[in-house]
Amino acid sequence: MTTHPLPTTSSAGTAARVPAKGPKRSFAALRVLGAALGTTRGRISAGLTLLVLAIAFLGPLVPGSPTAFAAPPFSNPSVPGAGLLGTDVLGQSVLFRVLHGGQHLMLLAFLATVIAVGSGAVIGVVAAYRRGFVENLLMRGVDVVLAIPQLVFALLLLSLIGPEWWLLILAVGLSQAPQTARVIYGAAQSVTEKDFVKAVAVWGVPTRSILARHVLPNLTTPLMVELGLRLSYSIVLIAGLSFLGFGSPPPEPDWGVMVNENRIGMAANPWGVLAPALLLALLAVGTNTFADAIARANLGETRGEDAVLGAAAGPTTEGSK
Amino acid sequence: MAGIMTKSLAAAGTPARPRAAAGRAAHPIRRLLLWRVPLGVLSVVLVGVLTYLATRVLPGDAASAILGQFATPEALASLREELGLDQPLVPGLLSWFGDFVTGQFGTSLATRGPVTDVVLPRLENSAVLILIVALVSTVIGVVGGVMAANRRDGIFDSSASLVALVASALPEFVVGVFVIFVFSVGFLDWFPAVSIIPPEDRIWDEPIKLVLPALTLVIVTAPYMFRMVRAAMIEALTSDYAEVARLKGASTARLLFRHALPNATAPAVQVLGLNLLYLAGGIVLVETVFQYPGIGLALASAVQTRDVPVLQFIVVLLAIFFVTLNILTDLLVLLSTPRRRAPR
Amino acid sequence: MTDRNSTGPGNGVGPISRRTLLQVGGAAAVVVGVSGLAACTAPGGGPAETSGAPSGGGTPVRGGTLRVGATSGGSGDTLEAQSPLTTMDFLRAGALFEQLVQMNGTTGAPELVLAESIEPNADATEWTIRIKPDILFHNGKTLTADDVLFSLRRIEENSFPGLITMGPLDLAAATVVDPLTLRIPFDAPYSIFVEGLAGVFATRIVPQDYDPANPVGTGPFTFGSFTPGQESTFPRFDDYWQEGLPYLDELVIINFADETAQLNALQSGQVDLINQLSSTSVSSVEAAGGSVVVSKTRAFVPFTMRVDEEPFSDVRVRQALRLLVDREAFNQQVYGGLGAIGNDTFGAIDPAYKDAVPQREQDLEQAKSLLRSAGFPELQVELYSSPIGPGATAAASVFATQAAQAGVQVKIRTQDPTQFFAQSYTQVAFAQSFWNTGAYLTMAQQGMADGAPFNEIHQTDAGWQSLYAEALATVDATARDALVQELIRFDYEEGGYIIPAYFPGIEGMNSRVGGVTENITGLPINGSSWQGIWLQS
């Protein structure tokens, strides 16, 4: 039960290239990002993501009310007063609701991503470094959790406590943590086996600082890829839960909620659905593709694709243990 | 993950001939089963217990769900008694567990009929949808992946890769809404936008109602298969082994189908497993969009009516499906990847 | 992969669910007046358009299977005659069963159905019910006074919701005078028995050997099949007592989870008729070549303020919140202008309602000054909202937006209907509710009188209670109307309800459907009476 070729063992490649006491993690992160931005794919996807981010975060600064009555419900843009994108189910301006409706979703997605990657990375790194009992406990625990249909529990929890924002990010974040844990575990194994890590351990450096200063910096690329992918999935998940009715409470606008509540007027004013749906699609594609670009730029074409697909494949448990 | 495996094959220079190594050792397989089966059982039990606990703390029970605004204390008390909701926590859990193990799945609190009557017809509908989607997306993914890998960076490869990249990131409800808009209410009027059928019918009695839900799910699942197969094929085609075969004058077709395609088997099986897993859970949103009479809608309705026996049954069925499929996938991957079967 | 998986199943809460748990006790009787039969026009708040031209035009035709797509049902669907809970339950019950009296679809006044007369004694302590002769049940037996007594007792034994509006009757002492006559003594004067019986709950009549598993009634259709949460079928009852009716050969009622699905099904011809639509669907139905019948109901989704809880225990706060509402804009936004303006009290169909109080208008300055004097210059309230009735979610949203104009911050907490009714309804300080069309006294009996089961606002004012008791003991209609006016005035000044608007009943159908008329009761399809509906071939 030793080596254990997990999907992203390939990211060990990076570890080899980054010297042990190399640049600080933040620089490493910048370098990884920079490499991605050096590619066409990276630039386009970053552009898309930034565009949607700009709409979400600068949109609320545009003067105009997302809740005021503009024109009769589902007026199309040709109706006077309906605005550029017409009106929604309550006769509110779709344009202003779209401009105001992304910020909340985005913040929730960021927080959920931080929870997912943060907790997943801790589990993965600790399991890889500790070995033995702790490793088994953590990774078998991950296996067990992965066999639970998370959607059902997200729903049960949300029904139980109500559509609270903190619950939403916890549910979305924690449901993805196991996948991240597997990926980081796989990548960390090859790092923790390196001589320099073993050496500092012998010098008596405390575990926590070994992990923080020597192991994690060497996992920059897989971590960045994970961040991108989990962000993309978090956006999709949160939008889906909003669509199902767990979004921000009315009268606040919310892209996922908009898609659902305006579906009924799709024939009269399709923008009520198309505008938020397009933005969600752009955002999901942008973040996902950027993660892809990070992986390709830093790991090479083939390994990058492997890493991305492998991360998505996280839940399949590895067999030969 | 698949890519890595194929890579290790390529590095070892072993031709990918699944059968070649058969019988050499059952070790890893036995080890897999020894580990995974008990863990799987543990997972399922855990799921059952968690669901039971969650439903117990869920605000409102079946009686209050049924009575709604008319839930006066007296009406609630008498209905609770009638439904047997007055059981304490631990005995309730134990008796549920005992009944479940002995195949007694209980009575729906909402319909007062057997749970299986409520769930099984829905299960059949969902299973049909899932199988069709899995089949179609596998065919599209594999054919597309092989074609793309054959002319790497050609027009087909570039455009298909781009489409796959975009499609795989799209939220499924967004795809569903677009699909309805295009094929049902917006531009074309080809297919029904809702998949409601009479209760005595099954979805295969009206296959036209399968089209849009299936299309939506194919759009979401096929890209993954495509990308995996393409990556595995490219890797195999650029390996030393393929180089040697090419030098020996193997034809393109032979190279593709005889040498490279077997290398794509393991990843394809794995993606198929993953897609099935995704479908088992992820159809909920799509069933909601299309009102498809499947297990996802049944689950949602069970949550709403606090129909605990139905809820429990569906969730545990899903968990069993998850666990079995996981083990099966890994087993198949192991079987189709010779080197890893060997004991180390 | 489980990434995508974790997307929760549908319907936790929210739009898809729409278990529009209709019918509070609300749907109660109507026009006050002892005989209750005096035709009565012009309910308050604007005339209900008279029953209007039936849809579909032309003359009725016999035959055909009508497929109806409806929302609000679920796997908890029931065929129970006397305890229907959702709008869909009412639709099914209306096919199988009939009442002694029902509300007139235009005025809301009681209208005799199975009963030939219902008369009180001089002080309304005893009522005599005479039923029409030769009415057959689906099983071939003739309806008798014994069946009526059995039905009323069944309601009492099971504490079905209709019990409350039947008043303080003493069924144990009731006597069957002859096969068609039943005499019931009351423990106290009860002048509104007819109105109470006309309520949708009270008196669906079943035979003495009633078996809920194989329901038998006197209604125009018989029991065919029933799959909760999915579909039910009702073949024509050939021996129906109303000659020549019903027109249809069969009625099929199909469950839908949401309005989008309903609309799509109508457009693609999967169903002929859909109900409880929102105003925004009118154009979609018409664009698809269908027609729409819009009923001005007097049913509503109010905001309920507990008068015994902070901050609403201060009457100035209640008045201020009522003054925040721009009712015209509210009606436009939530009901597309198809509803009618409300005035914060019960009884919109009562003769007494008209001219009792002036229409309340939005007055933000007055509202702000009331809040300042009450010590809440920057009021924040939490509103518990749930999709329990037409436009409920939108109503909460619009109310919050309008309140914000006066600096009142309304935080909306959304709950699924089950959680809402289990935890919040009648409990929390500020919530939503649902009431069907009804007369003041019967609604008050359910919502405000001592021991009322739906006391959402927790009103216990002693003056109000004694006025109310006096009204129940007053047999003379004019005198009683005067008392009702006083009660309405009290509610208008001090009550805990905000009723911005009455919701419209909107039904959409294809061009083959005929006989659908406007109906004031808030129950879809002509107050859930199916015999007059036909289908052109």
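User: How many residues of chain B are in contact with chain C?

Analyst: Two residues are in contact if their C-beta atoms, placed from the backbone, lie within 7 Å. Here 45 residues of chain B meet 44 residues of chain C. This is a predicted model: local features need pLDDT of at least 70, side-chain atom pairs count only at pLDDT 80 or more, and totals for chains, interfaces and linings use all residues. Residues are numbered from 1 along each chain as its sequence is written, while chains are lettered from A and ligands numbered from 1 in the order in which they are written.

User: Which element supplies the largest share of the side of chain B that touches chain C?

Analyst: Helices (H or I, at least four residues) and strands (E, at least two) are DSSP runs, numbered from the N terminus. The largest share, nine residues, belongs to H11(B). Elements giving at least two residues include helix H3 (62-67), helix H8 (172-185) and helix H11 (252-290) of chain B. By class, this side of chain B has 25 nonpolar, 15 polar and five charged residues; Ala, Val, Leu, Ile, Met, Phe, Trp, Tyr, Cys and Pro count as nonpolar, Asp, Glu, Lys and Arg as charged, and the others, Gly among them, as polar.

User: How is chain C divided into domains?

Analyst: Domain bounds come from an automatic or database domain assignment. In chain C, domain 1 covers 31-40 + 58-296 + 504-535, and domain 2 covers 303-502. Their centres, taken over C-alpha atoms, are 28 Å apart. Contacts join 33 residues of domain 1 of chain C to 28 residues of domain 2 of chain C. On the domain 1 side, helix H4 (193-198), strand E12 (291-300) and strand E19 (501-509) of chain C each give two or more residues.

User: Is E19(C) buried or exposed?

Analyst: A residue is buried if 20 or more other C-beta atoms lie within 10 Å of its own, exposed if 12 or fewer, and partly exposed in between, with C-beta atoms placed from the backbone. Nine of the nine residues of E19(C) are buried, so this strand is largely enclosed by the rest of the structure.

User: Which strand pairs with E19(C) over seven bridges?

Analyst: Two strands pair if DSSP finds at least two bridges between them. E12(C) is antiparallel to E19(C) over seven bridges, and Ser291(C) has Met509(C) as its bridge partner. Strand E11 (residues 273-274) of chain C also pairs with E19(C) in the antiparallel sense, over two bridges, with Leu273(C) opposite Met509(C). Strand E14 (residues 340-341) of chain C forms two antiparallel bridges with E19(C), where Ile341(C) faces Ala501(C).
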